[in-house]
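Please look over the sequence and the 3D structure shown here.

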Amino acid sequence: KENMEDASNKNRMATKEDHPRSKLSSAEVEEIREKYHSGSESTYSLSESFGVDTSTISRIVNYEIWTD
């Protein structure tokens, strides 16, 4: 636990699009938020378009992940 906290505090952990398993870019996350909040697309349609689970879309639009 201490090693993870230390790495995080010293910015040694890959996050967001720098993470090797990331499926989205920062630009795509912004696009998702814009489309969802404008009411033009649902979490389901966005998940289909971007190839991620609906729970991921929900967490993005509610700023639970990909926060600054």
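## Terms and basis

Exposure is sorted by relative accessible area: buried means under 20%, exposed means over 50%, and partly exposed lies in between (1.4 Å probe, protein chains only). Lys35 is partly exposed, with a relative accessible area of 27%.

This is a predicted model, in which local features need pLDDT of at least 70 and side-chain atom pairs count only at pLDDT 80 or more, while totals for chains, interfaces and linings use all residues. Residues are numbered from 1 along each chain as its sequence is written, and side-chain values use heavy atoms, with hydrogens and water left out.

## Salt bridges

How many salt bridges does the structure hold? There are 3. A salt bridge here is a side-chain nitrogen of Lys or Arg within 4 Å of a carboxyl oxygen of Asp or Glu.

Lys35 takes part in a network of salt bridges with Glu31 and Glu41. Its side chain meets that of Glu31 at 3.0 Å, N to O. Glu31 and Lys35 are 4 residues apart in helix 2, so about one helical turn separates them. Lys35 also pairs with Glu41, with the closest N and O atoms 3.6 Å apart. Glu31 is partly exposed at 33% relative accessibility. Glu41 is partly exposed too, at 21%.

Another salt bridge joins Arg59 and Glu64, where the closest N and O atoms are 3.9 Å apart. Glu64 is exposed, with a relative accessible area of 51%. Arg59 is partly exposed at 39%.

## Helix 2 against helix 3

Helices are DSSP runs (H or I, at least four residues), numbered from the N terminus. Helix 2 spans residues 26-37 and helix 3 spans residues 43-50. Their axes come within 10 Å and cross at roughly 155°. Axes are lines fitted to C-alpha atoms over the stretch in contact, and angles run from 0 to 180 degrees between N-to-C directions.

The two helices are therefore roughly antiparallel, a label for angles over 145 degrees. Their crossing is right-handed, meaning that the near helix is turned clockwise from the far one by less than a right angle.

Which residues make the contact? Helix 2 supplies Glu28, Glu31, Ile32, Lys35 and Tyr36, and helix 3 supplies Thr43, Leu46 and Phe50. Contact means heavy atoms within 4.5 Å. By class, the contact has 4 nonpolar, 1 polar and 3 charged residues. Ala, Val, Leu, Ile, Met, Phe, Trp, Tyr, Cys and Pro count as nonpolar, Asp, Glu, Lys and Arg as charged, and the others, Gly among them, as polar.

How values were computed. Angles under 35 degrees count as roughly parallel, over 145 as roughly antiparallel, 65 to 115 as roughly perpendicular and the rest as oblique.
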